[in-house]
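This briefing is meant to be read slowly, with the sequence and the structure side by side. Please look through the display below, and then follow the points grouped by topic.

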Amino acid sequence: MRLATAANEAYTASLAVSELLGCKQCGGSRGQDEELGIRIPRPLGHGPSRFIPEKEILQVGSEDAQMHTLFADSFAALGRLDNITLVMVFHPQYLESFLKTQHYLLQMDGPLPLHYRHYIGIMAAARHQCSYLVNLHVNDFLHVGGDPKWLNGLENAPQKLQNLGELNKVLAHRPWLITKEHIEGLLKAEEHSWSLAELVHAVVLLTHYHSLASFTFGCGISPEIHCDGGHTFRPPSVGNYCICDITNGNHSVDEMQVNSAGNVLVSDSFFEVEALMEKMKQLQECRDEEEASQEEMASRFEIEKRESMFVFSSDDEEVTPARDVSRHFEDTSYGYKDFSRHGMHVPTFRVQDYCWEDHGYSLVNRLYPDVGQLIDEKFHIAYNLTYNTMAMHKDVDTSMLRRAIWNYIHCMFGIRYDDYDYGEINQLLDRSFKVYIKTVVCTPEKVTKRMYDSFWRQFKHSEKVHVNLLLIEARMQAELLYALRAITRYMT
């Protein structure tokens, strides 16, 4: 692959540079104290994530052959190796599928021009005030020839893109309110109308970046050193770093030791894991002994749906969007509201009436060839991904837990599976975990490190990243189901 070869050459060249400008830590010939004569930025963050200690994240230069290939492909496709990739690489199989899908959406043949694709990514990320993704796609938008005037505010973009603002808003915050009238308004807007193929491309991009904003906040992704908010020129000086540290976004060795020493292990977290394992065992035994009636299953869904309305964080407060992000969308006061509040009744979305496998997949693949297949593969990898481990335990069947997480998210969106016992959710997901899930999926801009630290305290960071993969794919599928059902209703 030519692009991969180019990336490998660039990667090799970067290693050569690090050897040339090496320090005592990495065995280079040049002394740390020698003045380079240029201002070198110091990273503000603690590696790729604010939540995960940098020493636990794979460092560039220490990866195996498979991960190196993924890094090279990411660099070739995006022209960068971003922090999302460095965190997702905990799960190489998923990362490969994710990169393939994103590359196809942004760069391969499709209904929308390249600059439209990046601008839609900006619009989607801005709805969740995700300046990290907004900044990445501002640069990409300009790189592919986008008009800089559009970046002054959505009102400066073409009317066709402005018209997409309403769908972006509802899809991001209350997708259950999407109707065929939303679709009709975009397809019949006279000279500013969208074609069906263009609209499906736009919908997939919107859902992709809404969910990616959830991952960015859910994993505490830090800006890269070259981005806004990713660096400073203030002391301590660069003397405490080697070039490898700067490349990886690391702090000095002394600071790393302080941080690692500051980690506090919670003594009772061991018992949380044991209790969860025991509940899984008991639920499996109950399944084998008896099966609830359809009426009881429906009742349990309604109970869980109502209870999800009252799951919120103690520090849940409004986050005012910054001007540089809010200018990319309209109606800044519009945000997430539970679907059953204020006396409003939204009918349950029954999966047997409209599901991804039988309906959404074929519609996407028909109007935007190959994308349905790529998204379907990504859904399946995230849902079925397992290493048969739970914290310190091995040879564990985690399918029950993964399904509870996935179905809880869909339940919050009013989506019901007739064959699932929603009573299992309260058994397997404790309150702190539910708070984290709901915040990541519904209001990701409000996620805090405290929320991340408070659930599954004995689990590995790789397992928490895996949870985030489940969250973003379940969210993306839920949004797609509502949007694609509306498109189907318009077409019929």
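Two residues are said to be in contact when they have heavy atoms within 4.5 Å of each other. The model is a predicted one, and its chain has 22 helices and 6 strands, while buried residues make up 52% of its 492 residues.

**Helices H20 and H22**

- Helix H20, which covers residues 431-442, and helix H22, which covers residues 461-491, have axes that come within 10 Å and cross at roughly 50°.
- On the side of H20 the contact is made by Phe-433, Tyr-436, Ile-437, Val-440 and Val-441, and on the side of H22 by Val-467, Asn-468, Leu-471 and Arg-475.
- Sorted by class, the residues of this contact of H20 with H22 divide into 7 nonpolar, 1 polar and 1 charged.

**Helices H17 and H18**

- Helix H17 (residues 371-384) packs against helix H18 (residues 399-412) at an angle of about 125°, and their axes are 9 Å apart.
- At that angle, H17 and H18 are likewise described as oblique to each other.
- In this pair, Phe-379, Tyr-383 and Asn-384 of H17 meet Arg-402, Arg-403 and Trp-406 of H18, and the contact has 3 nonpolar, 1 polar and 2 charged residues.

**The loop around Ala-157**

- Ala-157 is found in the loop that runs between helix H6 (131-143) and helix H7 (159-163).
- Although it belongs to a loop, Ala-157 counts as buried because its relative accessibility is 5%, and the cut-off for buried is under 20%.
- Leaving aside neighbours within four places in sequence, Ala-157 is in contact with Tyr-119, Trp-150 and Gln-162.
- The C-alpha atom of Ala-157 is separated by 8.7 Å from that of Asp-147, and these two residues are 10 apart along the chain.

**Cysteines**

- The structure holds 0 disulfides.
- Cys-442 has a relative accessibility of 4% and therefore counts as buried, whereas Cys-286, with a relative accessible area of 43%, is partly exposed.

Methods: Residues are numbered from 1 along each chain as its sequence is written. This is a predicted model: local features need pLDDT of at least 70, side-chain atom pairs count only at pLDDT 80 or more; totals for chains, interfaces and linings use all residues. Side-chain values use heavy atoms; hydrogens and water are left out. A disulfide is a pair of cysteine sulfur atoms within 2.5 Å. Buried means under 20% relative accessible area, exposed over 50%, partly exposed in between (1.4 Å probe, protein chains only). Axes are lines fitted to C-alpha atoms, for helices over the stretch in contact, and angles run from 0 to 180 degrees between N-to-C directions. Helices (H or I, at least four residues) and strands (E, at least two) are DSSP runs, numbered from the N terminus. Ala, Val, Leu, Ile, Met, Phe, Trp, Tyr, Cys and Pro count as nonpolar, Asp, Glu, Lys and Arg as charged, and the others, Gly among them, as polar. Angles under 35 degrees count as roughly parallel, over 145 as roughly antiparallel, 65 to 115 as roughly perpendicular and the rest as oblique.
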